[in-house]
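Thanks for coming. I will go through one structure, starting with a pair of charged side chains and then moving to the strands, the cores and a pocket.

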Amino acid sequence: MGTDARHERTAGSPAAGVVHSLHERHETLATVESLTGGLLSASVVEIAGVSGVYRGGLVVYATELKSELAGVPAELLAERGPVDPDVAVALAEGGRRRCGADWGLATTGVAGPEPQDGKPVGLVYVAVAGPLGTDVQRLDLDGGRDHIRSAAVIEALRLLAERIRDADQVDGARDADPAGAGRW
């Protein structure tokens, strides 16, 4: 796959871990990609047995398609541009909703070689939308275009894996205290 944000090779496949966890939870995933242009979905679908987990994805490279296909508010795109944390959140939520998935995972950023709309090369936002809400992470990546794109995929999958673990902990707490289940 490549290297992560720290230029380190990952142990095992981040996608395989996520697919396994989602399979165990009987949950589904959708992806929405801008700068990664299908690399994220490709890394997910290369995992055997993914068909029960992966609903599908959108590659919305053009700014207007972020609104038209993924449901990002046009006003948000006009005001802030496509490389923005709130746009990443809207992409993840839109993918989740449009694909009917339990989880949505999104990438947006500037892979280079030139800055875009005043945003520097290497500025990336990855976002995940799931049962416990939505989270976004800013990445300031260095290196060339290929590294930025592959590191964005790895970091997006890491963020998703963390949020799945959070959901597992919440589920475990519910199971441990069934009388208090209504408090969640």
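Let me begin in helix α6, where Asp-166 and Arg-163 are three residues apart and therefore separated by about one helical turn. Helices here are DSSP runs of H or I with at least four residues, strands are runs of E with at least two, and both are numbered from the N terminus. The side chains of these two residues, Asp-166 and Arg-163, meet in a salt bridge, 2.8 Å from N to O. By salt bridge I mean a side-chain nitrogen of Lys or Arg within 4 Å of a carboxyl oxygen of Asp or Glu. Side chains of opposite charge can pair when their charged atoms come close.

Before going on, a word on the source. This is a predicted model, in which local features need pLDDT of at least 70 and side-chain atom pairs count only at pLDDT 80 or more, while totals for chains, interfaces and linings use all residues. Residues are numbered from 1 along each chain as its sequence is written, and side-chain values use heavy atoms, with hydrogens and water left out.

Is Asp-166 buried or partly exposed? Asp-166 has a relative accessible area of 31%, so it counts as partly exposed, and Arg-163, at 21%, is partly exposed too. The cut-offs are under 20% relative accessible area for buried, over 50% for exposed, and partly exposed in between, using a 1.4 Å probe and protein chains only.

In total the structure holds 11 salt bridges. One of them joins Arg-25 to Asp-168, with the closest N and O atoms 2.5 Å apart. That pair links distant parts of the chain, since Arg-25 is in helix α1 (residues 14-25) and Asp-168 in α6 (residues 145-176), 143 residues apart. Arg-25 is buried because its relative accessibility is 17%, whereas Asp-168, at 36%, is partly exposed. Arg-25 also meets Glu-27 in a salt bridge of 2.8 Å. Together, Arg-25, Glu-27, Asp-168 and Asp-171 are linked in a network of salt bridges.

Now the strands. Which strands pair with β3? Strand β1 (residues 29-33) runs parallel to β3, over five bridges, and Val-32 stands opposite Ala-106 in β3. Strands β3 and β4 run antiparallel, joined by six bridges, with Gly-109 opposite Val-124 in β4. Pairing here requires DSSP to find at least two bridges between the two strands. Seven of the seven residues of β3 are buried, so the strand is largely enclosed by the rest of the structure.

Next, the cores. A nonpolar core is a set of buried Ala, Val, Leu, Ile, Met, Phe, Trp, Tyr and Cys residues joined through side-chain atoms within 4.5 Å. The largest has 31 residues, and those with the most contacts inside it include Leu-29, Trp-103 and Leu-160. Its largest share, 11 residues, comes from α6. Apart from it lies another core, of 20 residues, with Val-32 and Leu-58 among them.

Last, the pocket. A pocket is an open set of points on a 1 Å grid over the protein atoms alone, where a 1.4 Å probe fits, with protein on both sides within 12 Å along at least five of seven lines; lining residues have an atom within 4 Å of a point. The largest pocket has about 190 Å³ of space, the volume being that filled by probe spheres set on the points. Its lining has 15 residues, and Tyr-61 and Gly-109 are among the closest to its centre.
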